[in-house]
Amino acid sequence: MRVRLLSVLFLMFFVAVGCGPLQRNSPFSEQTISTAHRLNSLNIEQLLRRDQTPQDIYMGLLSDSHQNYDDLEYAIEGINSKTHDFVAHLGDFTNQGYNIEYDLFLFRIKNLGVPFVTVLGNHDTLVKGKSLYQRIFGNFNESFDYRGYRFIILNNNRLDFYSTGGVDWTWLRQNVQSSTLPIVIMHHINPDNKEYFADEDRQTFWNIVSGSRTRLVLHGHQHIWITDYTNGVLRHQVNRTEGGRWSRVLLQTNSISIERCTRMACSNDTTQAFP
């Protein structure tokens, strides 16, 4: 009830403070209440100001929170109840890419107690979503090294970027091959998805990743938890936030552990050791 009341109050605030702009605005425009800019880069810079000595890394993982704003708050409460270095949202934080959905997401995600990065989902590309994402979060593709791991944020929304060449496999290959550190790849759509990827694209992804230093591939999109070991790489799909669901990852020098969490309760999913 409290969370629903907050949602109503926020919408009332949106109308009250923005009634002038709303007369010349619409859900289809690039105008937002939030003035956020390049959040991924700013949060990565915040991480990189910390001690970079290799040590345990705790990641909180969210995905597919569209239409589940109250449940997103429950998940955030759960994440904040535990220790994390940073949080990654793996995409589809909006349903139609509307500006108001970007504002509603930002209104809630700011309650995280740690830095966060956000991956572009296929729903987030709709309407003016691509432009909004670039302004608010930054580049579609990013990579950074943190405490002994390389983290790669990949835009793999092939169909939504078909006119501009689809997935930037050259960029991914360069960032994978240049790393001397174990790698975590974060993208939205499962790489074996036959609706989104042609056989050539699926093969290209695994050709780049298999035999590399990639240790973990993370994604959402299918709204359920799945963990498997594909082509020598641990892969984890994060559940949608419905019910306050999220995932927690512990990255260590020689192992990775994954937990499935609902609100504040977490249970072990898997632990994978590496040579």
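Ser255 is buried, with a relative accessible area of 14%. This value falls under the 20% cut-off, so the residue is classed as buried. The model is predicted. Ser255 lies in strand E11, which spans residues 255-262. Leaving aside residues up to four places away in sequence, Ser255 touches Tyr149, Leu250, Gln272, Ala273 and Phe274.

Helix H3 covers residues 39-48. Its buried residues are Leu39, Asn40, Ser41, Asn43, Ile44 and Leu47. An α-helix has 3.6 residues a turn, so residues three or four places apart point the same way. Both helices and strands contribute to the cover over the buried residues of H3. The helices include H5 (99-109) and H6 (129-136). Among the strands are E2 (86-89), E3 (116-118), E4 (142-146) and E5 (149-153).

The largest cavity holds about 30 Å³ of space. Its lining consists of Asn156, Trp169, His187, Pro191, Phe197, Asp201, Arg202 and Phe205. By class, 4 of the lining residues are nonpolar, 2 are polar and 2 are charged. Asp201 and Arg202 are the charged residues of this lining. Asn156 and His187 are the polar ones. Helix H8 (residues 199-209) gives the most to the lining, with 3 residues.

How values were computed: Residues numbered from 1 in each chain as written. Predicted model: local features only at pLDDT ≥ 70, side-chain atom pairs only at ≥ 80, totals over all residues. Heavy atoms only, no water. Buried < 20%, exposed > 50% of the residue type's maximum accessible area, 1.4 Å probe, protein only. Helix = DSSP H or I, 4+ residues; strand = E, 2+ residues; numbered from the N terminus. Contact = heavy atoms within 4.5 Å. 1 Å grid on protein atoms, 1.4 Å probe; cavity = no way out; pocket = protein on both sides within 12 Å on 5 of 7 lines; lining within 4 Å. Points joined across faces, edges and corners; volume = space filled by probe spheres on them.
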